[in-house]
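User: I am new to this structure and would be grateful for a close look at a single part of it. Please examine the place where the two chains meet.

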Amino acid sequence: MPLSGTEIVIQIESVSKRFGDFEALKGVSLDVASGERVVVCGPSGSGKSTLIRCINGLERHEAGTITVDGITLDHSADSLKAIKVKVGMVFQQFNLFPHLTVLENLTLGPIRARGMAKEDADALAMRYLERVRIPEQADKYPSKLSGGQQQRVAIARSLCMEPSIMLFDEPTSALDPEMINEVLDVMTELATSGMTMICVTHETGFARKVADKMVFMDQGEIVETGDPETFFTNPESQRCRDFLDKILHH
Amino acid sequence: MRVAILALALMLTGCSGEWGWYVVNPMTESGATNLKFLLSGLYYTILLSVTAIAISIVVGLVIALPGLARNPYMRSINRVYVELVRAVPILVLILWVYYGMPQLAGLSISVFWAGVIALALSDSAFEAEIFRAGIQSVAKGQYEAAHSISLNYTDTMRFVILPQAIRRVLPALGNQLVYMLKMSSLVSVIGMQELTRKANELVVTEYRPLEVYTILVLEYLVLILVVSAGVRWLERRMQADERA
């Protein structure tokens, strides 16, 4: 396994965000080092999705600062553009483009946003499709694929932008149980390649195997962070213990 | 369908000594000339409708986009346009564009372009509403996915949102085209030589309104059935992709 760098690539400082009267994030701070794999968990509505969505500007944080790779996200068009290029994202609902083939889903970003020639983009896309182990599906439309295959295409689509950071927002929550592992396998493989990753997930097996750092969130705050071993066997806070009880012994 | 038309024809012919189909009997020289005269209006009916709908789709799209903006001023541009244009009857718009606008702008305008402008303007308000609904029906996740692969606004619209929105509004766009073909008959009042005008002129010389207007009805019927079938074919073709 490659060594995690010590350089901080994502710096989140006292970030707050509200939706109307609901405080989704209450002054959250978190540092992520280059190559680090962070798994975020917590009950629904705890702000974990909002937190990672703030990192690539899908949600606009209201207070605090987010710095990605030295660029401060101030919601100017320039900072947003610079950060988006570095950060890939995988969604719970895959969000593939249904009117485009798998290959076209993958090459749209490289061609339009990175200015690649079509042949180069095709070659790049095929490389990543092989990496997520479905090159034979290249010419199909997303609706012809299983959920697990669709999510792997979505991961490959993100990777085609060659980001240095990947965000996963509950990537297996919409999948049938028998398809979860094929997606987690791809994510595990990605983790061993040195990619900086933040995953919102309740897959404890994956977290134990892959995470360098566990983050537990509740009610818009980070309640506890720690290494996976301590986190799962001996969590500090009562809230975290209660949550783990629920997801580990159901 | 064919059976129904045949039955209708039999019923109509059966009920009279009043009919004078000789006016359009293709076996006689004058009948053939008359028929050709009536059919010659088809060219302008189609050209007028197709030009107008092409323009109104573009204008409709341009008007729809500010209607989706977060900025309330942008949205009000859309609202005001749609409400104003939708409130004017097409016939009134045709008269205003042909007789009124030249005085206002100090330029003369051909019958054809007056017709195109009036039809396109009137239709654009409806197109704008159709596109707005279509674009709004595309899931938010599609914008988020486009954002996450760094597409800018124009590319997001062009490659991700609009192709999906247009597939969904295709039946409504087909409706508008049918509507446009029918409304183009109104341009006959300013002298456009389309189907209805030709029929009117023939009635004046032949004094056979029943036969001539029946032919006119059939002309529109056939034209619109063909267009409908075309739109349905296009729908099937475009949606074949997305379906499992």
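Analyst: Chain B and chain A bury about 2100 Å² between them, 58% of it on carbon and sulfur atoms; buried area is the accessible area (1.4 Å probe) that two parts lose on being put together, summed over both. This is a predicted model, in which local features need pLDDT of at least 70 and side-chain atom pairs count only at pLDDT 80 or more, while totals for chains, interfaces and linings use all residues. Residues are numbered from 1 along each chain as its sequence is written, chains are lettered from A and ligands numbered from 1 in the order in which they are written, and side-chain values use heavy atoms, with hydrogens and water left out.

The contact (heavy atoms within 4.5 Å) draws 22 residues from chain B and 25 residues from chain A. By class, the side of chain B that touches chain A has 8 nonpolar, 6 polar and 8 charged residues; here Ala, Val, Leu, Ile, Met, Phe, Trp, Tyr, Cys and Pro count as nonpolar, Asp, Glu, Lys and Arg as charged, and the others, Gly among them, as polar.

Between chain B and chain A there are 2 salt bridges, each a side-chain nitrogen of Lys or Arg within 4 Å of a carboxyl oxygen of Asp or Glu. One of them joins the side chains of R53(A) and E144(B), at 2.7 Å from N to O.

Helix 7 (140–148) and helix 8 (153–183) of chain B each supply at least two residues of the side that touches chain A. The largest share of that side, 8 residues, comes from helix 7 of chain B. Helices (H or I, at least four residues) and strands (E, at least two) are DSSP runs, numbered from the N terminus.

Helix 7 of chain B is mostly covered, with 7 of its 9 residues buried, where buried means under 20% relative accessible area, exposed over 50% and partly exposed in between (1.4 Å probe, protein chains only). Its buried residues are G141(B), Q142(B), E144(B), A145(B), A146(B), H147(B) and S148(B). After helix 7 of chain B comes S150(B), whose phi is positive, near 65°.
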